[in-house]
Amino acid sequence: MDLHENAETKTVTATFELPGIKQQDVNIEVHGNRLTISGESKRSENYDKGGYAVQERSCGKFSRTLQIPQGIKAEDVHAKMEDGLLTVCFPKAGPDQQPQRVLIA
C-alpha cells in the first residue's frame with residue numbers, strides 16, 4: 001500500500017496492488033473514522049490439477065484498515081480499480097475538522 005497526500009486538492013490517495021483479484025472480490029467500507037479494504041484472492045481451478053512441481057500463487061483473505069479523518073462519509077470516498085491496481089481517494093479533513101477562525105474581541 002502507498003499513501004499520497006495532495007496539499008493542493010487536500011486529498012489523500014491510497015493505492016493497493018491486487019494482482020489477479022477481481023473488482024467484485026474487493027470490499028471497501030467506511031465505519032466511523034476507519035476505512036477498511038478487504039477481499040479474497042481465489043485459486044484458479046486450472047491450478048488444482050496435478051502435475052505441478054512448484055506453485056507460487058498466494059490465495060486467501062486479506063484486510064487493511066486505515067484511520068481517516070472524523071466526519072468522512074462513504075460518499076466522500078472514491079475508488080477505482082484498473083489492471084490490478086486499486087486507488088482509493090478521500091478528503092484530508094472532514095467538514096467539521098476544517099479550521100475555523102476565531103475573532104478577537
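The structure is a predicted model, in which local features require pLDDT of at least 70 and side-chain atom pairs count only at pLDDT 80 or more, while totals for chains, interfaces and linings use all residues. Residues are numbered from 1 along each chain as its sequence is written, and side-chain values use heavy atoms, with hydrogens and water left out.

Begin with the open sheet, whose 4 strands run in the order S1-S2-S7-S6 with antiparallel pairing. Strands here are DSSP runs (E, at least two residues), numbered from the N terminus, and two of them pair if DSSP finds at least two bridges between them. Next select S1 (2–6) and S6 (78–82): these strands stand at the edges with a single partner strand each, so one side of each has no neighbour in the sheet. Neighbouring strands of this sheet are turned by 15° against each other on average, direction ignored; the axes are lines fitted to C-alpha atoms, and angles run from 0 to 180 degrees between N-to-C directions.

Move to the loop between S1 and S2, where Lys10 lies. Lys10 is not a glycine, yet has a positive phi of about 55°. Its relative accessible area of 53% makes Lys10 exposed (over 50%, with a 1.4 Å probe and protein chains only).

Finally, select Asp83 in the loop between S6 and S7 (85–91). Asp83, also not a glycine, has a positive phi of about 55°, and counts as exposed at 79% relative accessibility.

Definitions and conventions: Buried < 20%, exposed > 50% of the residue type's maximum accessible area, 1.4 Å probe, protein only.
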